[in-house]
Amino acid sequence: MCRHCIHPYIHHKSTLPRNWQDALSDPIYGKRWRAAMEDDIKGKFTDNKAWDLVDSVPSGRKAMKGKWVFKVIYKTDGTVEKFKARWV
């Protein structure tokens with residue numbers, strides 16, 4: 001397998017991480033999933049200023065709820081382009 005190819009198990013959607021714990025505890029791709037999660041947070045918080053980080057939730061407000069969704073993006077030749085994580 002080439003150095004850019006991903007382990008064959010990731011080709012099956014059922015084996016993508018179902019939650020952040022699965023993603024970060026993955027012995028092979030945990031670091032790549034963490035980097036993808038950090039990229040999504042950086043984009044929403046730092047670059048786009050879509051989020052405000054607060055120490056506590058202000059009175060009358062609710063904390064944002066959601067979950068992580070994971071995906072592997074492939075190049076046309078079948079090799080991995082990137083790991084993608086989105087907070088939705």
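Reader: Which residues make up the largest nonpolar core?
Author: In this predicted model, the largest nonpolar core has 12 residues: Leu16, Ala23, Tyr29, Trp33, Ala36, Met37, Trp68, Phe70, Val72, Val80, Phe83 and Ala85.

Reader: Which elements each supply at least two residues of this core?
Author: Helix α2 (30-47) does, and so do the strands β1 (68-74) and β2 (80-87).

Reader: Back up a bit. How many helices and strands are there?
Author: The protein has two helices and two strands. Starting at the N terminus, the order of elements is α-α-β-β.

Reader: How do β1 and β2 run, and how many bridges join them?
Author: They run antiparallel, and seven bridges join them. Trp68 has Trp87 of β2 as its bridge partner, and Lys71 stands opposite Lys84, also in β2.

Reader: What about the hairpin, how many residues lie between the strands?
Author: Five, and Gly78 in that hairpin takes a positive phi near 95°.

Reader: Where does Lys75 lie?
Author: Lys75 is in the loop between β1 and β2. It counts as partly exposed because its relative accessibility is 41%, which falls between the 20% limit for buried and the 50% limit for exposed.

Reader: What is Lys75 in contact with, leaving aside neighbours within four places in sequence?
Author: Val80 and Glu81.

Reader: Now Phe70. Is it buried or exposed?
Author: Phe70 is buried, because its relative accessible area is 6% and the buried class covers anything under 20%. Phe70 sits in strand β1 and is one of the residues of the largest nonpolar core.

Reader: Which residues is Phe70 in contact with, again leaving aside neighbours within four places?
Author: The contacts of Phe70 are Leu16, Pro17, Asn19, Trp20, Ala23, Trp33, Met37, Lys84 and Ala85.

Reader: Asn19 is on that list. How many residues apart in sequence are Phe70 and Asn19, and what is the C-alpha to C-alpha figure?
Author: They are 51 residues apart in sequence, with 8.3 Å from C-alpha to C-alpha. Asn19 also pairs up in space with Lys67: 48 residues separate them in sequence, and 7.4 Å separates their C-alpha atoms.

Reader: Where is Asn19 found?
Author: In the segment before α1 (20-25). Asn19 counts as partly exposed because its relative accessibility is 28%.

Reader: And on to α1 itself. What does Leu24 touch, not counting residues up to four places away?
Author: Leu24, which is in helix α1, touches Gly30, Arg34 and Met37. Arg34 is 10 residues from Leu24 along the chain, and their C-alpha atoms are separated by 6.2 Å.

Reader: Why does Leu24 count as partly exposed?
Author: Because its relative accessible area is 27%, and buried requires under 20%.

Reader: Changing topic: how much space lies in the largest pocket?
Author: About 390 Å³.

Reader: Which residues line the largest pocket?
Author: The lining consists of Phe45, Ala50, Trp51, Asp52, Leu53, Val54, Val57, Pro58, Arg61, Lys62, Ala63 and Met64.

Reader: Last topic, the whole protein. What share of the residues is buried?
Author: Buried residues make up 24% of the 88 residues.

Reader: And of the contacts between residues at least 6 apart in sequence, what share joins residues at least 24 apart?
Author: That share is 42%.

Key
Residues numbered from 1 in each chain as written. Predicted model: local features only at pLDDT ≥ 70, side-chain atom pairs only at ≥ 80, totals over all residues. Heavy atoms only, no water. Core = buried A, V, L, I, M, F, W, Y, C linked by side-chain atoms within 4.5 Å. Buried < 20%, exposed > 50% of the residue type's maximum accessible area, 1.4 Å probe, protein only. Helix = DSSP H or I, 4+ residues; strand = E, 2+ residues; numbered from the N terminus. 1 Å grid on protein atoms, 1.4 Å probe; cavity = no way out; pocket = protein on both sides within 12 Å on 5 of 7 lines; lining within 4 Å. Points joined across faces, edges and corners; volume = space filled by probe spheres on them. Pairing = 2+ DSSP bridges. Contact = heavy atoms within 4.5 Å.
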